[in-house]
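The following note collects several local features for discussion. Please read the points alongside the sequence and the model.

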Amino acid sequence: MSRVILVSNRLPVTISRSRGGSSQTLNMSSGGLVTGLAPLHAKSNGVWIGHPGENPTPETLNELKNRRLVPVDVPAREYRNYYEGFSNSALWPLFHYFIERCEFDTAQFEAYRSVNERFADEIARVAEPDDLVWVHDYQLMLLPEMLRQRVPGVRIGFFLHIPFPSSETFRVLPQRTQILRGLLGADLIGVHTYEYAENLQRSFRRLLGIETVRGELRYSGRSVRIEAHPIGIDTDDLREAAFSQKADRYLVDLKRRIGDRQVVLGVDRLDYTKGLPLKLQAWRQLLASSPRWRRRAMLIQLAVPSRENIESYHQQKDEVERLVGEINGLYGSPGRIPIHYMYQSVSKEELGALYRLADVAFVSPLRDGLNLVAKEYVATRDDGGGVLVLSEFAGAASELGESLRINPWDIEGTAAQIERAIEMDFGERQERMRPMYHRVVQNDVHRWVERFMSALTAQEVEELRFPPSLQSQVLAGTLAPQLANAKNALLMLDYDGSLREFTERYEDAMPTDEILEILTDFGSLDGIKTYINSGRDRNTLGEWFGNVPVSLIAEHGSWIREAGDSDWTRMGPPPDLRWKEIVRPVLAEYSERTPGARIEEKSSALVWHYREADDALGEWQALELMSVLEDMLSGSPVEILSGARVIEIRQQGVDKGRAFEFVNESEGPFDFIMATGDDRTDEDIFARMPEDAYSVKIGGGQSNARAAVGSPGSIRRLLRALIEARRGA
Ligand code: ADQ
């Protein structure tokens, strides 16, 4: 197996100072992610790179080295700006849809960039091209691209543990393009749910204009995949603790103290995304509307201290404690308080005992990437008892469909679901819990690691083709002798951007005398069939090339007219054009708000041109229009193509490539074939041409063509040289 380099903000160990002394001790951190990744770390013989938390002493450094843990050294102030600053005061609130809590501070972003650079440098020092690097979470979103620049061949996976928000929310971020480009350095980007994957793809499309097809996009000659891989928990580890003797003792003790009361359990990091105040309000609502539960039920709420250096976390804590006090004051009676609140971390065994005790788990985040607590509760309930009440805003909700779902903002609705959960009979509890239990146990954290790693390694490293760029004389030198000897030759020429330079206004690109002359000369040569295969409409092509002895294919293969004929023939079945009625008004609206943009009507397509619009505005509107159209037309028999400052919506099933095949079959066999083109629609021809045919792309970039030339001028020179050669033969 390849060596795996794991990268996370924190190393999986806690360094603590021994009491009174200056020596340090090193303990493995607890938590599902660490237990999930530890076997991979052990097996692959790789290293784990992250911040150590404390400055390691030389002895600790040695110990870290023995465990193949590489600390990244970051000055304290820079770390604060990166961690508490940009990571937790900009990205964290924004990605959880708390825009009003965001602080966007350039200096903090600079620190974020700089820490990501430090990580990249550290990885580059140890990484080899055959290694796999797996980067974790939102603190390191710039890292994939930085690493790609330093170690180009290395395979990089990235996993985001928090939600990726809607593109509308994400675009608020001042550094949105840097962050997206940072991610694009990865080969595989993993998120917890399809929704987050969708959101990310939409941001790539809207903000960078990069299309994703079936979860894959192309960037800088590489392919990048975006996939949903919900994380699991370490069920074995959890169950071992939850069913240990220690846990049994806790359970007996808890039961004795609680008596016959129903227990509703909440376990959360004390974070505003977890929605504790609303949870408490729902609990208050239940006690207010159904007084019998005041003495017969209790809420045990664990809150783990978290990010205590950030001010907004203090306010959250104050608010939670005030509400707890208020509710206990209102509805408590001697010996019976309705909320038992603990602001502390508890041991695995205690937590396990609480999960086993709880009749209901109340998991109500306002937003949560996934939520492990929900899965942990389910994993301890193979007795089939217990009810999971789960917020629909937790990523885990999409996997745990048998839970009672709540919208935590709806206080009455939530209180009603809690009551339903407390009252639920054992039969229904079992029916709901059993399937969830099996799902959670089967998809544990080890399966998650396997799935992500096999997706990362299975991905083919596909070399995208960049055809060699040649001078027209060099190309003519190769092609001329072959054309000179051909008995039946086919020449298929694209027009706009290939034979003719683009003009500011679309209709101004009529053929020059030079072009008409070249086409006339070619058309009059015996043994050569010349076609113009263009996206333009029939009338324009007929008008412009009516007097030239070449054949015409219009509208990307929809119509054909042989040289000398005056009638056009439709290729393929008659189209179903009802979609035009829906699309036309949308294009009209976008034209109205984009000065300079225009609509072109073709028989089986509509085109939105924005070459004459302001550069930035045109680009922006086009990206938005593309995503609107994609949503609107999903499932319709149309294709949406974005070209050189045009968006074309056209009937599916026609393309230039099919037209090429039609000609090749009806007029062939040919002993010389050459096609030229400059954009995506011409790639349909290049992809269908036989091996020994010549395809020439005009302009740079990735293409299936065999060769490339710089400009339409070069193509014209090439064509003139070919005419000379044929004449001289
Ligand atoms: P978190 O926001 O930390 O994780 P969560 O998934 O709920 O949220 O995990 C919390 C963990 O802390 C659980 O394993 C739980 O058992 C433990 N815990 C909570 N209270 C505790 C207590 N009082 N004592 C001891 N342990 C306690 C981020 C994302 C999540 C995503 C995970 C994993 O925000 O959405 O599920 O990463 O990808």
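1. A surface patch, as the term is used here, is made of residues with over 30% relative accessible area and no salt bridge, nonpolar side chains being joined within 5 Å. The model under review is predicted. In this model, Ile99, Phe104 and Val172 make a nonpolar surface patch of about 210 Å².

2. Ile99 sits in the loop between α3 (76–95) and α4 (106–126). Its relative accessible area is 37%, so Ile99 is classed as partly exposed. This value is in keeping with the patch criterion of over 30%.

3. Asp137 is buried but forms no salt bridge, and the nearest side chain of opposite charge, that of Arg307, is 7.2 Å away.

4. Which backbone nitrogen lies 2.8 Å from a polar atom of the Asp137 side chain? That nitrogen belongs to His161. Apart from residues up to four places away in sequence, Asp137 touches Phe158, Phe159, Leu160, His161 and Ile162.

5. His161 itself is located in the loop between β7 (155–159) and α6 (167–170). Its relative accessibility is 15%, and His161 therefore counts as buried. The His161 side chain also makes a polar contact with the side chain of His136, at 3.0 Å.

6. The surroundings of His161 may be listed as well. With neighbours within four places in sequence set aside, His161 is in contact with Leu33, His136, Asp137, His192, Ile231, Gly369 and Trp448.

7. Helix α15 (residues 372–379) is mostly covered, with seven of its eight residues buried. These are Val373, Ala374, Lys375, Glu376, Tyr377, Val378 and Ala379.

8. The N-terminal end of α15 is capped by Asn371. A side-chain oxygen of Asn371 lies 3.0 Å from the backbone nitrogen of Val373.

9. Is Pro669 buried or exposed? With a relative accessible area of 74%, Pro669 is exposed. Pro669 belongs to the loop between α24 (656–667) and β26 (672–677). Pro669 and Asn488 are 181 residues apart in sequence, while their C-alpha atoms are 7.5 Å apart in space.

Terms used
Residues are numbered from 1 along each chain as its sequence is written. This is a predicted model: local features need pLDDT of at least 70, side-chain atom pairs count only at pLDDT 80 or more; totals for chains, interfaces and linings use all residues. Side-chain values use heavy atoms; hydrogens and water are left out. Patches are made of residues with over 30% relative accessible area and no salt bridge: like charges are joined within 9 Å, nonpolar side chains (Val, Leu, Ile, Met, Phe, Trp, Tyr) within 5 Å. Accessible areas come from the Shrake-Rupley method with a 1.4 Å probe; for residues, only the protein chains shown count as cover. A salt bridge is a side-chain nitrogen of Lys or Arg within 4 Å of a carboxyl oxygen of Asp or Glu. Helices (H or I, at least four residues) and strands (E, at least two) are DSSP runs, numbered from the N terminus. Buried means under 20% relative accessible area, exposed over 50%, partly exposed in between (1.4 Å probe, protein chains only). Lys and Arg count as positive and Asp and Glu as negative; His and the chain ends are not counted. A polar contact is a pair of N or O atoms within 3.5 Å; within protein, one must be able to donate a hydrogen and the other to accept it, and residues adjacent in sequence count only if both atoms are side-chain atoms. Contact means heavy atoms within 4.5 Å.
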